[in-house]
Amino acid sequence: YLKISKLALAFAIIHSKPPGKSCKEYTEQLAKTVSEQDFGWKSKVEVLEAEVLRLRQELLLNKICPRFCLENDASAEILLDQECINPMSYSSQLEDSGCDVSNDYAFDSLGIASDFHQSEHNVNTSKRWLERVPPLNLCCTGKEESLTAPVQFLQHLLEIRKLSEGGILQADFTQLENDSFTICNSVSQLLDGLTVFYNSPKFPVSNVLTEAVCVLISLITDTKLSNHVLKKCFKKLEEFEKNLIQIILRNSSVNRFQALHAVSNTLVLLGRNNILRNSLISLLLSEVHQFAEQLLQAHQMQAMYDITQYENIFPLCMILEQLLQNETEEGNVSSSDYDGEEKIEFLKNLDRIILHLSDEFPLFSLYLWRVSVLLNSAQIQ
């Protein structure tokens, strides 16, 4: 039947072919026309799906807190612009040359840490307009468009959380358990948008991207909301961590250090959540141990090794060290929680690796030793 159909289509094309045009040219023209029609339908479907998600987001917010108003209000917009959105001046940021600079904002490439604390302060100012919180007035183009909807929805969710905590609003967050589709899709869109940016970052960074990171960190560190989010989106968040780690390892551009610092800073902030911190430490231990074994093998065989990957492994070591230091200082998580396969594998042949690499790679060996000390800190104490 398929052969007969193809043959019939071929005869139809030949029969209807306009004069002065070959069958091949006419067939390519028809194929292009059909593909354009398909693309048009796909675009329409994407627009409709986005509208359905937006309506589901509004419905979920209304179920959680019926009194929460999402209407646009001119005075509220002015207040939001003045107090909630506090864009930092990036005029002083330069394209990274690989050299350190004294400007703190240039070192904190995305301004994430400072903006995260600023966003926590801004949430408290939300009481001034209570239930009237307009959508974010964020102008964006290109890749940033996919971030605006999830950022708006999740920020409204955080506003309701803060207002309900202060007794200003009554909110029922059990509704999040009944609508996993909306929360999962919103978080997934946010993570996908950030992954696209980190794969090809552009500096200076727009307010939308900075706000997106702040909203993500606020969401996973909120005592009530983080449990709901992690139940439904843990795999997606873990995949996001893996993607960021691979972005660090695979980046080979000359001026990559500003971008690597931005990704590293986001990973450290993700480690504020104890559950994500455990998974992140496991992923980092696995990557660092795997690279150490490969480097040892190359050194023993006197073979060539990837110098770019060697340079990129240090941000992972620094992230790992910072997460383990935080764990030790805060005492929130016992080191015994890391007595899994990754920790055992990392420590098993570590002395041998350090012994063989210390002369040729002293800095990397020092980092390996410092990480091992932090892993064994509870046992030493």
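In this predicted model, the charged end of Lys44 sits over the ring of Trp41, at 4.8 Å from the ring centre. A second contact of this kind involves Arg370, whose charged end sits over the ring of Tyr367, 5.3 Å from its centre.

Tyr367 also takes part in contacts between rings. Together with Phe291, Tyr305, Tyr310, Phe314, Phe361 and Phe364, Tyr367 belongs to a cluster linked by ring pairs. The structure as a whole holds ten aromatic pairs. One of them is formed by Tyr310 and Phe364, with 6.2 Å from centre to centre and 70 degrees between the planes. Planes over 60 degrees apart count as edge-to-face, and the pair of Tyr310 and Phe364 is edge-to-face. Tyr310 belongs to helix α13, which covers residues 307-330, while Phe364 belongs to helix α16, residues 362-375; the pair therefore ties together parts that lie 54 residues apart in sequence. Tyr310 and Phe364 are both buried.

Phe364 has another partner in Phe314. The ring centres of Phe314 and Phe364 are 6.2 Å apart and the planes stand at 85 degrees, so this pair is edge-to-face. Phe314 lies in helix α13 and Phe364 in helix α16, so the contact ties together parts 50 residues apart in sequence. Phe314 is buried, as is Phe364.

Phe364 of helix α16 thus pairs with Tyr310 of helix α13 and with Phe314 of helix α13.

Definitions and conventions. Residues numbered from 1 in each chain as written. Predicted model: local features only at pLDDT ≥ 70, side-chain atom pairs only at ≥ 80, totals over all residues. Heavy atoms only, no water. Phe/Tyr/Trp six-rings, centres within 6.5 Å; stacked < 30°, edge-to-face > 60°. Helix = DSSP H or I, 4+ residues; strand = E, 2+ residues; numbered from the N terminus. Buried < 20%, exposed > 50% of the residue type's maximum accessible area, 1.4 Å probe, protein only. Lys NZ or Arg CZ within 6 Å of the ring centre and 35° of its normal.
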